[in-house]
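This report goes through a protein structure part by part. Please look at the sequence and the model first, and keep both in view while reading.

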Amino acid sequence: RSWIVLFGMSFQPSELAKLAFIIYLAAWLEERKKKINDFYQGFLPFIFIVALIAIPLIKQPDIGTLVAISSIACAMYFVSGAGFKNLLMIFAGGVAGVIALIKVAPYRMNRLTTFLYPEIDPLGIGYQINQALLAIGSGGLFGLGLGHSRQKFNYLPEPIGDSIFAVIGEELGLAGLAFLIFLFLVFAKRGLDIASRTKDDFGKFIAAGITAWVIFQSLMNIGAITSLLPLTGIPLPFISYGGSALMSLLAAVGVLLSVSRYGGAYRK
């Protein structure tokens, strides 16, 4: 299910699953590090683990989160020492899987068509991306001013969610977007620094996974809103509205800070 309601509160289980999956996969990779390139003891079990979480995401359906989690898993798999051959097989299988999912559901083909030809059907399947590009273009270099976006008033779908990047571009302009991207780059550098200096493999894999989570999800959201990637419905980390996503991300950052503080000592 995309949403679960408990005690009057709703949350997205897929957001909580990201952090849980990173922690579990880090522990598994630490245990199998010496056998990670073995086809039967490393590669196939890794594919099986990813498939276990992929199946419920496909059933929702939430292909955007599936791509994000698969990217996180591959990043952690690479950091653990996986060979290029295994990564190439995973990439080829992923492309084949996405093509199969597009064939099964026609609406996914519409998203791909909109990505390739955003000018097609601007009042139908191409409405969101055209309104997003219009918002970003209207902002110019320094924007219309904070709170002065016009597109967010019943023109741009999901202005506080998936399309928040376009609203920021309209209000703060190219300068505001560049600063936001710079902050994500700083986060990426700090996260990778933490992963590289952590002596404990478990902490290293967790740091790499959390950093990959934020960066891949940011790239997917920004790429979709600027028509560099197909629309996926992925929120922008720390910026888009959504309690489940923000709670999970803040918990993940807390874990990342713990890894940074204690290095390899926290598992002793």
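## Helix 8 and its neighbours

Helix 8 passes helix 9 in a left-handed crossing. A crossing is called left-handed if the near helix is turned anticlockwise from the far one by less than a right angle, and right-handed if clockwise. Helices here are DSSP runs (H or I, at least four residues), and strands are runs of E with at least two; they are numbered from the N terminus. The model is predicted, so local features need pLDDT of at least 70 and side-chain atom pairs count only at pLDDT 80 or more, while totals for chains, interfaces and linings use all residues. Residues are numbered from 1 along each chain as its sequence is written, and side-chain values use heavy atoms, with hydrogens and water left out.

Two packed helices are described by the angle between their axes and the distance between the axes. For helix 8 and helix 9, the axes come within 10 Å and cross at roughly 145 degrees. Axes are lines fitted to C-alpha atoms, for helices over the stretch in contact, and angles run from 0 to 180 degrees between N-to-C directions. On the helix 8 side, Gly 203, Ile 206, Ala 207, Ile 210, Trp 213 and Val 214 take part; they meet Ser 248, Leu 249, Ala 252, Val 255, Leu 256 and Val 259 of helix 9. Contact means heavy atoms within 4.5 Å.

## Helix 1 against helix 8

Helix 1 covers residues 13–31, and its axis comes within 8 Å of the axis of helix 8, with a crossing angle of roughly 145 degrees. This crossing is right-handed.

## A buried threonine

Is Thr 211 buried or exposed? Thr 211 lies in helix 8 and is buried, with a relative accessible area of 2%. Buried means under 20% relative accessible area, exposed means over 50%, and partly exposed is in between (1.4 Å probe, protein chains only). Leaving aside neighbours within four places in sequence, Thr 211 is in contact with Phe 187, Ala 188, Gly 191 and Leu 192.

## Salt bridges

How many salt bridges does a search of the whole structure find? The search finds 4. A salt bridge is a side-chain nitrogen of Lys or Arg within 4 Å of a carboxyl oxygen of Asp or Glu. One of them joins Lys 33 and Asp 201, with the closest N and O atoms 3.3 Å apart. Lys 33 lies in the loop between helix 1 and helix 2 and Asp 201 in helix 8, so this pair ties together parts that are 168 residues apart in sequence. Lys 33 is partly exposed, at 34% relative accessible area.

Lys 152 and Glu 171 form another salt bridge, with the closest N and O atoms 3.0 Å apart. Lys 152 is in the loop between helix 6 and helix 7 and Glu 171 is in helix 7, 19 residues apart. Lys 152 is partly exposed, with a relative accessible area of 27%, whereas Glu 171 counts as buried at 7%. Lys 189 and Asp 193 also form a salt bridge, again with a closest N–O distance of 3.0 Å. Both lie in helix 7, 4 residues apart, about one turn of the helix. Lys 189 is exposed at 53%, and Asp 193 is partly exposed at 24%.

## Backbone exceptions in the loops

Most residues other than glycine have a negative phi, and most peptide bonds are trans. Asn 154 has a positive phi near 70 degrees. Asn 154 sits in the loop between helix 6 (127–139) and helix 7 (164–197) and is exposed, with a relative accessible area of 79%. Phe 238 has a positive phi of about 70 degrees; its place is the loop between helix 8 (201–225) and helix 9 (243–262). Phe 238 is partly exposed, at 32%.

A cis peptide bond joins Gln 60 and Pro 61, with omega about -5 degrees. Pro 61 is found in the loop between helix 2 (39–59) and helix 3 (63–79).
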